[in-house]
Number of protein chains: 2
Amino acid sequence: MELAEGKEKFIHAWGTLGSSWGINRTMAQIHALLLMSSQALSADDIMTELNISRGNANMNIRALIDWRLVHKVLKPGERKEFFVAEKDMWEVVRNIIAERKKKELEPMIRALNELSAVEGTDEDSRAFSEVVKDIKLFSTKADSALERLIRSDSSWFVGTFLKMIK
Amino acid sequence: MELAEGKEKFIHAWGTLGSSWGINRTMAQIHALLLMSSQALSADDIMTELNISRGNANMNIRALIDWRLVHKVLKPGERKEFFVAEKDMWEVVRNIIAERKKKELEPMIRALNELSAVEGTDEDSRAFSEVVKDIKLFSTKADSALERLIRSDSSWFVGTFLKMIK
DNA sequence: GTGTACTTTCACAACTTCTTGAAAGTTTCA
DNA sequence: TGAAACTTTCAAGAAGTTGTGAAAGTACAC
């Protein structure tokens, strides 16, 4: 297979995957393009390669930087900004988990805490409280596990991972 | 807090969370409604409570059944179908993981395998192969870990979980 | 067989999210 | 200061997703 064909397929696959991970298609494609590239690329390079507008490129590059999946690089003597992707997959996954935990799990736990205040002795109220209690327990555990995962380094992760799949 | 208010808040929160988990808003809301309810509900009950159309209710109930998050229940003497939610959170999470692994991780791994065929000795080809190799390694590990997770039962999970957060 | 009580399908409508491109903003340097 | 080289913003349109409701399909009871 030719490099160009491989790149294209990879960008497509990564785009598809990304969209089910809270990363939109273009955002994931930019990330893929940068992952594949041995040098830092400028916004213009990205626009050209992916056939997207300046605004779109800019917005998604910013988002990727927010998620810490892409870093800005300044080349001496150049006024343009260049970008490189985070290539350490452990780091990539860790950043995505951190971002999603913040946006999804934490608000959920906050909501659940409020819901503990429901009172009542009828069957429905009891069923409600029971479910809320269970979910809260589960979410809190998940939250701690993920927090630890995020704070830990790659070697710990690989270790635990290997233990899990042993 | 009143039960009704709590229910409403929960349905809203679950709907929001669901949409970032590959479960659309209505689908998650139906699941939430069923989770909260001590008895099985019919399609009509769901339509009324959530103010949604018959078609919408039907489609999303089927999808929930596909994901094994909701089960069909037949009441003796009733012609209607009734539905209950899977209330064991471990089971819920396990089913969601299984479904997403099938739809996301497995196609990715298939795509990556094809991409190993890229040849070339220039810097870009090498960078490409390197990235593909890394991601493949990572994805394969993740796949095994999740496979084990899916096949295992709640006690193993809780055990590993507790070890992870200790 | 036929009526009744449901469930499923589907074309179109409503809504949401993404993309564009041009205008405005910022930085740098002579 | 001002003009060139970039980056950011934003309103409008395109694309994609979800929801509707009526019509078609199915199954059971008589």
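## Close-up views of a predicted model

**View 1. The buried residues of helix 2 of chain A.** The buried residues in this helix are A:Thr26, A:Met27, A:Ala28, A:Gln29, A:Ile30, A:His31, A:Ala32, A:Leu33, A:Leu34, A:Leu35 and A:Met36. The model shown here and in the other views is predicted. Because 11 of the 12 residues of helix 2 of chain A are buried, the helix is largely enclosed by the rest of the structure. From first C-alpha to last, helix 2 of chain A reaches 16 Å, close to the 16 Å expected for its 12 residues at 1.5 Å a residue.

**View 2. Helix 2 of chain B.** Here too the helix is mostly covered, with 11 of its 12 residues buried. The buried residues of helix 2 of chain B are B:Thr26, B:Met27, B:Ala28, B:Gln29, B:Ile30, B:His31, B:Ala32, B:Leu33, B:Leu34, B:Leu35 and B:Met36. How far apart are the end C-alpha atoms of helix 2 (residues 25-36) of chain B? They are 16 Å apart, which agrees with the 16 Å that 12 residues should span at 1.5 Å a residue.

**View 3. The three-stranded sheet of chain A.** The sheet is open, has 3 strands in the order 1-3-2, and its pairing is antiparallel. Strand 1 and strand 2 of chain A are the edge strands, each pairing on one side only. Strand 1 (residues 41-42) is joined to strand 3 (residues 81-85) by 2 bridges. In that pairing, A:Ser42 has A:Phe82 of strand 3 as its bridge partner. Strand 2 (residues 70-74) is joined to strand 3 by 5 bridges, and these two strands of chain A run antiparallel. A:Phe82 of strand 3 is also the bridge partner of A:Val73. Further along, A:Leu74 stands opposite A:Glu81 of strand 3.

**View 4. The hairpin of strand 2 and strand 3 of chain A.** There are 6 residues between the two strands of this hairpin. Which residue of the hairpin takes a positive phi? A:Gly77 does, with a value near 85 degrees.

**View 5. The surroundings of DNA strand C.** DNA strand C is surrounded by 18 residues, and the closest are A:Ile52, A:Ser53, A:Gly55, A:Asn56 and B:Gly55. The elements that give two or more residues to this surface are helix 2 (25-36) and helix 4 (54-66) of chain A, together with helix 4 (54-66) of chain B. Helix 4 of chain B supplies the largest share, 5 residues. By class, the residues near DNA strand C are 3 nonpolar, 7 polar and 8 charged.

**View 6. The surroundings of DNA strand D.** Around DNA strand D there are 17 residues, of which A:Gly55, B:Thr26, B:Ser53, B:Gly55 and B:Asn56 come nearest. Two or more residues of this surface come from each of helix 4 of chain A, helix 2 of chain B and helix 4 of chain B. Which element gives the largest share of the surface near DNA strand D? Helix 4 of chain A does, with 5 residues. The surface near DNA strand D divides into 3 nonpolar, 7 polar and 7 charged residues.

**View 7. The contact between chain A and chain B.** Each side is built from 42 residues, 42 from chain A and 42 from chain B. On the side of chain A that touches chain B, the elements giving two or more residues are helix 1 (3-19), helix 2, helix 5 (89-115), helix 6 (123-151) and helix 7 (154-165). Helix 6 of chain A gives the most, with 13 residues. This side of chain A has 22 nonpolar, 9 polar and 11 charged residues.

**View 8. How the two protein chains are related.** Chain A is superposed on chain B by a rotation of 180 degrees with 0.0 Å of shift along the axis, and the RMSD is 0.0 Å. That is the relation of a two-fold axis. The same surface serves both copies, since 100% of the contact residues of chain A recur in chain B.

**View 9. B:Glu130 in helix 6 of chain B.** B:Glu130 is found in helix 6 (residues 123-151) of chain B. Is B:Glu130 buried or partly exposed? B:Glu130 has 14 other C-beta atoms within 10 Å, so it is partly exposed; a buried residue would have 20 or more, and an exposed one 12 or fewer. B:Leu146 is 16 residues from B:Glu130 in sequence, and their C-alpha atoms are 24 Å apart in space.

Terms used. Residues numbered from 1 in each chain as written. Chains lettered and ligands numbered in written order. Predicted model: local features only at pLDDT ≥ 70, side-chain atom pairs only at ≥ 80, totals over all residues. Near = placed C-beta within 6 Å. Helix = DSSP H or I, 4+ residues; strand = E, 2+ residues; numbered from the N terminus. Nonpolar A, V, L, I, M, F, W, Y, C, P; charged D, E, K, R; others polar. Pairing = 2+ DSSP bridges. Expected span 1.5 Å × (residues − 1). Least-squares fit on C-alpha atoms with pLDDT ≥ 70 in both. Contact = placed C-beta atoms within 7 Å.
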